[in-house]
Amino acid sequence: MKSLKLLNSYKNLEKHFSKFKNLHMKDMFKNDPQRAYRYFVQMGGIRLDYSKNRINDETLEILMALARECELKEKIFAMFRGDKINTTEKRPVLHTALRNKSSNSIIVDGKDIMQDVKKVLTKMEEFSNAIRSGAWLGYTNQIITDIVNIGIGGSDLGALMVCKALKNFAHPRLNMYFVSNVDGVQLQGVLEKIHPETTLFIVASKTFSTQETLTNAFTARKWFLNHALNEAFIAKHFVAVSTNKEAVKAFGINEDNMFEFWNWVGGRYSLWSSIGLSIMIYLGKENFASLLEGAYLMDQHFYNEDFENNLPVILALLGIWYINFFDSGSHLIMPYDQHLRYFPKFIQQLDMESNGKQVCQNGQKVEYDTGAIIWGDMGINAQHAFFQLLHQGTHLSPIDLIVSLNKKGNLPGHHEILLSNVFAQAEAFMRGKNYDEVYAELIQQGLNEEEAKKLAPHKVFTGNRPSNILLIDEICPKNIGSLIALYEHKIFVQGVIWNINSFDQWGVELGKELAKNILNELQGGQKLKKHDSSTEHLIKIYKEFNSN
């Protein structure tokens with residue numbers, strides 16, 4: 001593929017940007033009464049209003065041409081059929097196979113992987129049913145009441161986010177905890193709330209060698225044995241999501257209680273696999289199936305729909321427009337729903353670990369920005385925190401505002417306040433308020449001309465700040481599945497446009513390697529590698545502080 005900047009469509013976007021960049025959305029709405037209806041797409045229970053973006057029909061036309069010139073449709077087909085698009089690790093990328101509801105086979109290295117997917121899913125269902133029904137008993141013949149998922153990154157965040165978002169669908173007897181931080185404070189806090197006789201630990205680690213996960217797992221194991229005393233009882237209270245049978249058995253977990261997943265499942269895309277065991281136990285197999293169904297519906301939409309009406313493609317191309325032409329280095333995820341409070345954190349990992357890359361597929365350094373810095377928080381809270389910067393700061397940061405339409409279950413009057421703020425913030429970001437408007441208001445409020453002229457500049461909002469509004473019919477497993485898949489595919493599309501590998505993560509390795517050497521020194525071992533003077537000084541301070 002040609003360098004992105006050499007593509008005809010990219011050059012056309014540069015020309016279009018030079019004459020378009022100073023246009024104001026307020027004028028676009030004034031001159032186009034149908035804008036809100038034309039820039040609106042719905043798929044299932046998710047509706048996207050993208051009219052409050054700095055675009056017109058010509059912008060979209062050229063962006064769609066860019067997608068076609070980058071052979072996006074062919075790349076989509078390649079991912080779904082199992083081509084090894086993760087080129088640096090020579091792996092297919094098939095999280096879509098985990099929610100494949102069709103009868104179609106997916107062949108990887110001559111084998112239909114759908115048979116393995118269905119086999120593991122059935123095993124998860126049987127185990128989940130045993131826990132939820134009370135048939136599975138602990139070492140003192142008591143039923144399980146607490147589940148502790150021990151993992152990190154993709155083995156933690158996805159399942160955590162889904163369980164929190166769908167807590168209203170959970171089994172009333174079960175309490176769900178997630179431990180990821182190697183700082184013992186987190187695990188200690190959980191251990192103080194649970195009882196060994198009624199707790200199930202899920203140790204989630206593909207290789208069963210992740211330092212943080214195993215440190216927490218062995219600490220939990222020791223805590224358990226301090227009460228249970230007999231190592232044979234580990235089999236009743238610990239299960240593993242892994243591929244390393246020998247390490248799992250050595251830990252004391254019965255290999256029948258090891259749930260497999262595969263190297264074509266990336267960690268941050270793995271909640272649909274056995275990594276989602278905690279989700280299935282907590283929510284039940286029917287709700288887990290609905291989660292998969294929602295993702296499958298978005299998969300089919302992404303695969304089949306024309307780019308012009310394709311939610312992931314539209315969101316991705318809008319991101320390209322801002323990152324590569326407006327020099328917007330960040331993007332906000334802002335849910336106005338307490339259930340979705342962990343969603344920004346989840347998307348942060350999903351996006352930044354995928355598209356935080358500095359070289360193209362061929363190993364050459366990119367000549368353009370890739371991957372926005374993803375951040376965000378609960379919308380209402382953020383209005384009283386960092387929205388000041390978004391409205392009047394010097395940075396341009398596009399925003400996804402996410403809210404549920406369904407007010408059932410909320411307290412009377414609360415949901416209307418929530419929605420009014422979502423709609424008002426989006427309008428304020430778009431419209432702004434110019435000097436003349438502010439000055440006239442101040443005069444009307446009784447200020448004299450000198451006072452009004454002095455204060456007015458401080459109350460001006462430039463506006464013209466883009467936002468997408470994602471309306472979810474209701475927070476339910478099906479819609480959450482669709483929402484997650486929407487962002488997965490958006491990230492894939494941007495990776496295709498930038499010609500980068502969205503499915504490796506070599507950037508996390510260097511710190512891990514260096515930490516191993518430093519840990520040896522902190523624990524009193526010999527220096528294995530020379531460090532810079534700052535690092536050596538910090539190690540020395542720690543050892544001296546703890547020498548007595």
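Trainee: How many residues line the second largest pocket, and which of them lie nearest its centre?

Mentor: Before we look, keep in mind that this is a predicted model, in which local features need pLDDT of at least 70 and side-chain atom pairs count only at pLDDT 80 or more, while totals for chains, interfaces and linings use all residues. Residues are numbered from 1 along each chain as its sequence is written, and side-chain values use heavy atoms, with hydrogens and water left out. As for the general idea, on a 1 Å grid over the protein atoms alone, a pocket is an open set of points with protein on both sides within 12 Å along at least five of seven lines, a cavity is a set where a 1.4 Å probe fits but cannot get out, and lining residues have an atom within 4 Å of a point. Here, 18 residues line the second largest pocket, and Asp337, His339, Lys408, Asn410 and His415 are the ones nearest its centre.

Trainee: What volume does the second largest pocket have, and which helix gives the largest share of its lining?

Mentor: A volume is the space filled by probe spheres set on the grid points, which are joined across faces, edges and corners, and for the second largest pocket this comes to about 430 Å³. Helices are DSSP runs of H or I with at least four residues, strands are runs of E with at least two, and both are numbered from the N terminus. Helix α18, residues 414–431, supplies the largest share of this lining, four residues. To sort a lining by class, count Ala, Val, Leu, Ile, Met, Phe, Trp, Tyr, Cys and Pro as nonpolar, Asp, Glu, Lys and Arg as charged, and the others, Gly among them, as polar; this pocket then has six nonpolar, nine polar and three charged lining residues.

Trainee: How should I read the largest pocket in the same way?

Mentor: The largest pocket has a volume of about 1400 Å³. Its lining counts 46 residues, and Ile152, Thr210, Val508, Glu509 and Lys512 are the closest to its centre. Two or more lining residues come from each of α9 (211–228), α15 (343–355) and α22 (509–522), with α22 giving the most, six residues. By class, this lining divides into 16 nonpolar, 19 polar and 11 charged residues.

Trainee: What does the lining of the second largest cavity look like by class?

Mentor: That lining has eight nonpolar and two polar residues, and no charged ones. The volume of this cavity is about 70 Å³, and helix α6 (residues 113–133) gives the most to its lining, four residues. Among the residues that line it are Leu98, Met124, Trp262, Trp272 and Ser273.

Trainee: How many aromatic pairs does a search of the whole structure find?

Mentor: Rings of Phe, Tyr and Trp (its six-membered ring) pair if their centres lie within 6.5 Å, and planes under 30 degrees apart count as stacked, over 60 as edge-to-face and the rest as tilted. The search finds 32 such pairs. One of them joins Phe17 and Phe325, whose ring centres are 6.2 Å apart with planes at 50°, so the pair is tilted. Because Phe17 belongs to helix α1 (residues 8–20) and Phe325 to helix α14, the pair ties together parts that are 308 residues apart in sequence.

Trainee: Are Phe17 and Phe325 buried or exposed?

Mentor: Buried means under 20% relative accessible area, exposed over 50%, and partly exposed in between (1.4 Å probe, protein chains only); both Phe17 and Phe325 are buried. Phe127 and Trp136 form an edge-to-face pair, 4.9 Å centre to centre with 75° between the planes. Phe127 is buried at a relative accessible area of 6%, and Trp136 is buried at 18%.
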